[in-house]
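Good morning, and thank you for coming.

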Amino acid sequence: MAKHLRGASAAAAALLCLAAVAAGPAPSPSAAARFVPGPCPKTAEPVPALDKARCGFLEVPENRARPGARTIRLATAVIPATSAKPAADPVVFMAGGPGGETFDDIPILVEAGVNRGHDLVVMAQRGNRYDQPNLACPEVDRFNARYPGFGYDAARAKRLMLEAFRQCRDRLTADGTDLGAYNTLENAADFAALRTALGIARWNVYGYSYGSDLALTYLRTHPEGIRAVALDSVTPPQSAILPWGWPSAREGIGAVLDACAAEPACKSRYPDPAATLAEQVRRLEASPLTLDAAPPRGGAPVRVVLDGGAVLNLLVANAIKPRDLPAALDELARGKPERFARARAADSVQVTGMTAHGLTQSVACAEWVPGTSPSDVLDAGRRAFPGSPRTVLAQAPQLPFEQDICRIWNVPDRAAGQRVATASAVPVLLLSGTFDAKTGAGFAREAARTLSRSTSVRIPGVTHWVVPQSPCAAQVFASFLARPTAPDTGCVAGLAPAPFTLTPK
């Protein structure tokens, strides 16, 4: 769900029963919140849009349920519309992750035209980079840089990963951070408080990936002042349960392979890429490859291990572009693993402190993991990829060893109050990419069931985070902001996936 992380399934539906008790009261956004103007963050890379932005911090209680809780500060920017006559209702953006760096997304949003006709409000979710406190885990970043040199589920990788999270948790809690307060309900209350603190009567909400989970939670718990909601790469809260990654992976990867079969040239060159994938996952899990590979963006070669789990998770992460996937699998089967090796080597380059792993784990361990067991994850994996090795399917996609991490992270179980479908008559746009293996397009159907004025759009051949990838999706988004109950979706009919890469036999 993260822009760099991890259909509702039968397993998810069964687990949802564990959360069937009524949700408790949402945190009050009015508790001692205020906006304090200040300079814009000094970002690692230049963000030109900040030159004209109004910036500052939203100050809110860390834990609204605890009288006298300390105050935290959330970095905020209001970026003016590029139009000479912008609409009165801004767009507030909710980033993916959780824990993804929000301010780095601003150039992507501007390039996609999100602030063309509306001011754009960006706030780093609590614990994010540029917030106070910042729940970064450099210990985890340093491990992640080493991870490509281990098997995906290797015992040593597990030991080092768990130790990195233990060190991060100990450091954060020693500084007085209440990790249990970093959750989606508190995040939603923060955004409700921000609207009031900025004096905005109505605004539009745009959330992608985890941000769509947050946006739906916000719409459910604080609907006041929301004009319209756009959800991109949808994850409904009621479906955000640890095994969900497997049906999403099956849907997204399967759609790529089906598109190859539907393209005569691809089908002729690669008659059965699904069988090739299954065979290579089994082969490499039994006999992993160890080789040196240079990261795609440059740098010295690093030692990488390709086993079955690594190969499948690289596909979920979109590390191999869909148009290249059949070719890459064919090369792998013919003893040419370089594409996959370079893709895994990319993770050896980590920007320390960019991702707020503390927020990631506080949300995952409070909301996604409770009530799940290793057998739930394994069963979902077997339904998605029957015949794949147990060792591959035992780890949820892009969330290896998550249940072990959560025993270390030790935050309160908030699943019952979070795994709740949002029922609303507010206009909602749901955008999905058919090749998205992180949040499968089937999730949008699940979310739309209780959204009575929703419009669902699937963009063929697109992966995770649709609007920046597709000019058509950006047009649909803009028309939705102009007419939330009747967006113009006409451009979708003429879309098709890009042609597949064909390599010589």
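Predicted model: local features only at pLDDT ≥ 70, side-chain atom pairs only at ≥ 80, totals over all residues.

Let me begin with the helices. Two packed helices are described by the angle between their axes and by the distance between those axes.

Which residues of H5 and H6 meet? From H5 come Thr184, Leu185, Asn187, Ala188, Phe191, Ala192 and Arg195, and from H6 come Tyr210, Asp213, Leu214, Thr217, Tyr218, Arg220 and Thr221. Sorted by class, this contact holds 7 nonpolar, 4 polar and 3 charged residues.

The second pair is H9, residues 273-286, and H10, residues 308-316, which pack with their axes 7 Å apart at an angle of about 140 degrees. Only an angle over 145 degrees would count as roughly antiparallel, so H9 and H10 are oblique to each other. On the side of H9, the contact involves Leu277, Val281, Leu284 and Glu285; on the side of H10, it involves Gly308, Gly309, Val311, Leu312 and Leu315. The classes here are 6 nonpolar, 2 polar and 1 charged.

I turn now to the second largest pocket, whose volume is about 200 Å³. It is lined by 14 residues, of which Pro374, Ala394, Gln395, Gln403 and Asp404 are the closest to its centre. Helix H14 (374-384) and helix H16 (402-409) are the elements that each give two or more residues to this lining. H14 gives the most, with 4 residues. By class, the lining has 8 nonpolar, 3 polar and 3 charged residues.

Finally, the backbone. Most peptide bonds are trans, and most residues other than glycine have a negative phi. Where does this model depart from that pattern? The bond from glycine 97 to proline 98 is cis, with omega near -5 degrees, and proline 98 sits in the loop between strand S4 and helix H2. Glutamine 132 and proline 133 are also joined by a cis peptide bond, with omega about 5 degrees; proline 133 belongs to the loop between strand S5 and helix H3. Serine 233, although not a glycine, has a positive phi of about 60 degrees, and this serine lies in the loop between strand S7 and helix H7.

Notes. Residues numbered from 1 in each chain as written. Heavy atoms only, no water. Contact = heavy atoms within 4.5 Å. Nonpolar A, V, L, I, M, F, W, Y, C, P; charged D, E, K, R; others polar. 1 Å grid on protein atoms, 1.4 Å probe; cavity = no way out; pocket = protein on both sides within 12 Å on 5 of 7 lines; lining within 4 Å. Points joined across faces, edges and corners; volume = space filled by probe spheres on them. Axes fitted to C-alpha atoms, helices over the stretch in contact; angles between N-to-C directions. Parallel < 35°, antiparallel > 145°, perpendicular 65-115°, else oblique.
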